[in-house]
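Please walk through the following structure with its sequence at hand.

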Amino acid sequence: MRASRYLIATVKETPSDAEIISHQLMLRAGLVRKLASGLYTWLPLGLRVLSKVSQVVREEMDKSGAMEVIMPVVQPAELWEESGRWPTMGHELLRFKDRHDRDFCLGPTHEEVITDLIRNEYSSYKQLPAIFYQIQTKFRDERRPRFGVMRAREFTMKDAYSFHASQDCLDETYKIMHQTYCNIFSRLGMEFRPVIADSGNIGGSTSHEFHVLADSGEDEIVFSSDSDYAANIELAEGDIPAKAQSDKSDKATCETVDTGDAKTIEEVSDLLNRSSDTLIKTLLVHACNDDGERTEDLIALLLRGDQELNETKASKIPGISSPIEFASDESIEKAIGCPPGCLGPVSLKIRTVADHSVVDLQNFVCGANQQSHHLLNANWNEQCKYDEVADIRKVQEGDISPDGKGTLSIKRGIEVGHIFQLGTKYTESMKASVLNVNGKAVLMTMGCYGIGVTRIVAACIEQNNDKQGIIWPENIAPFHLVIVQIDAQKSETVSEISEALYVKAQTLGMEVLLDDRDKKTSPGVKFADSELMGIPHRLVVSPRSLADGVIEYKRRGEDEKQLIDKDMSLEFLNSIVSSE
């Protein structure tokens, strides 16, 4: 490709609305252009990268035995009503009516569509397992699109779905997909972690997210220093190190003390000169009925003062409203008879759930359920008690891994993939069954496997950049090689050698950009553009270097330049190809 005939849309200034490095560099390098909030046009340079990422995904999915399909972006409401998700998906599901006043939506995902397809095409267990995937446009009407293509409204996604006659069969395919995802992200040169995750509104039980480690990540992931344990912070488990536990001693005499305006853990801790890990915080949340509907009943959650509530864990406890809804001040006054800030597990007439962190506490401090008063040196007894124990705390850095191997670290990650075991969530509601070996109709079990293809491009930039711009891995770089001509208008030899290298590189299978832009584009701009765009290899052909019988080579991300004998330049190209 010749730069003089190619859209080189680089810009010097960092756009003011670009918050993270990938968004900044994608705009500056000319990969994308914003059309509207959360909507981006992919320019030629960016599309080359996106296509290469898609191809890596496609190749590994094909190896797994999956079959590629393309399903409509526009989906009829009837399917979503069958699955029960039409009223529950919220405003992210963009709904509209056609000219016949029929309800449709733009698909954010395709569980309903694929289930409808398979229930009409498959009838016997002998046809299973079956895995289908697509690489296609999705639309989610994000309330707050941000970070460029990282959280856009329209994006490219690879979504796959598997169908099985038994749970054992699903388990086997799930393992294959887990390995397939590891293969994909390894081929893309990404530092990633698969972590245990929450299934969210997709549904199902077993679930893993794949996170690319990056400081700009929106999610916190937890992993062990000495084992393979890793989980999303929402589901992560861990044990508090023994040295952080309160010392056990003889029970002291409990007394009610006036704590005035002190209401927070920090304020009470300072006032009573007690460390926060000897205090109990009491949080009140709404309960739900057997149908999952929120009620006015309240449930008390107890945590050690130095710990935080994990809302996802707590919301999974039967009887607690999901998502968690904290009680208002008025509800607390009505139920307990005192305002927030002095609540405690004292003579409570409501269900009380204690985190493991408070069970062994002695001589602790808690609210007295009287305005401006707390209990000092309280202990568990008939008046101060809890009904049940559950893991409801958010793990912290340095906790002991739940498998007992090593300690936990917490880093930020960008979610680029998510796999689920859906079970029969969709096949039951949509009546998708096959005949088993006994000729009896059985519901198929499902798996769901997604990868954010456009998000991968941004995540890769987050991990591979410097102050000059992007540093692409070889296999997804828009071009392998850029040949920069300097003062070609003054020297026919520069043009001749550049052209010879250009032709030879293409013959060797390299994707090469010949920067033949005229004298209006200075050498400095050409060099800066090649660095910004992240092209891995650069050859510079100039009158000065040719006078010395050499051409200049530089690898992206390295400071040193290499002088190559011009008579050996074609052989040098061979060495570049063989090293890739």
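In which helix does Ser498 lie? In this predicted model, Ser498 belongs to helix H12, which covers residues 492-507. Is Ser498 buried or exposed? Its relative accessibility is 0%, and because buried means under 20% relative accessible area, Ser498 counts as buried. When residues up to four places away in sequence are left aside, Ser498 touches Ile483, Gln485, Leu514 and Val541.

The setting of H12 can be followed from there, for this helix lies across strands E26, E27, E28 (537-541) and E29, and runs at about 170° to E26. These strands belong to an open sheet of five strands, whose order is E27-E26-E28-E29-E30 and whose pairing is mixed. Strand E27 (512-515) and strand E30 stand at the edges with a single partner strand each, so one side of each is left without a neighbour in the sheet. From one strand to the next, the twist of this sheet averages 20°.

Two of the pairings can be traced residue by residue. Strand E26 (residues 481-485) pairs with E27 in the parallel sense over four bridges, and Leu481 has Val512 in E27 as its bridge partner. Strand E29 (residues 550-555) and strand E30 (residues 561-565), by contrast, run antiparallel and are joined by five bridges; here Glu552 has Leu563 in E30 as its bridge partner. The hairpin of E29 and E30 has five residues between the strands, and in this hairpin Gly557 takes a positive phi near 95°.

Another sheet, an open one of three strands, has the order E13-E18-E17 and antiparallel pairing. Its edge strands are E13 (255-258) and E17 (364-370), each of which pairs on one side only. Neighbouring strands of this sheet are turned by 35° against each other on average, with direction ignored. Between E17 and strand E18 (residues 373-378), which run antiparallel, there are four bridges, and Phe364 finds its bridge partner in Ala378 of E18.

H1 is largely enclosed by the rest of the structure, because seven of its eight residues are buried. The buried residues are Ser22, His23, Gln24, Leu25, Met26, Leu27 and Arg28. Besides H11, the partners against which the buried residues of H1 pack include strands E1 (32-36) and E2 (39-42), as well as helix H13 (523-533). Strands E24 (465-466) and E25 (469-470) also take part in this packing. Just after H1, Gly30 takes a positive phi of about 80°.

Aromatic side chains give another view of the model, in which a search of the whole structure finds ten aromatic pairs. Phe96 and Phe104 form a stacked pair, 6.2 Å centre to centre and with 20° between the planes. Phe96 has a relative accessibility of 32% and therefore counts as partly exposed, whereas Phe104, with a relative accessible area of 17%, is buried. The rings of Phe185 and Phe192 have their centres 5.7 Å apart and their planes at 50°, so this pair is tilted. Phe185 counts as buried at 0% relative accessibility, and Phe192 counts as buried at 14%. Phe185 and Phe192 also belong, with Tyr181 and Phe210, to one aromatic cluster.

For the chain as a whole, there are 15 helices and 30 strands, and the C-alpha trace spans about 95 × 65 × 50 Å along its principal axes. Of the 580 residues in the chain, 53% are buried. Among the contacts with a separation of 6 or more, 69% are accounted for by residues 24 or more positions apart.

Methods:
Residues are numbered from 1 along each chain as its sequence is written. This is a predicted model: local features need pLDDT of at least 70, side-chain atom pairs count only at pLDDT 80 or more; totals for chains, interfaces and linings use all residues. Side-chain values use heavy atoms; hydrogens and water are left out. Buried means under 20% relative accessible area, exposed over 50%, partly exposed in between (1.4 Å probe, protein chains only). Helices (H or I, at least four residues) and strands (E, at least two) are DSSP runs, numbered from the N terminus. Contact means heavy atoms within 4.5 Å. Two strands pair if DSSP finds at least two bridges between them. Axes are lines fitted to C-alpha atoms, for helices over the stretch in contact, and angles run from 0 to 180 degrees between N-to-C directions. Rings of Phe, Tyr and Trp (its six-membered ring) pair if their centres lie within 6.5 Å; planes under 30 degrees apart count as stacked, over 60 as edge-to-face and the rest as tilted.
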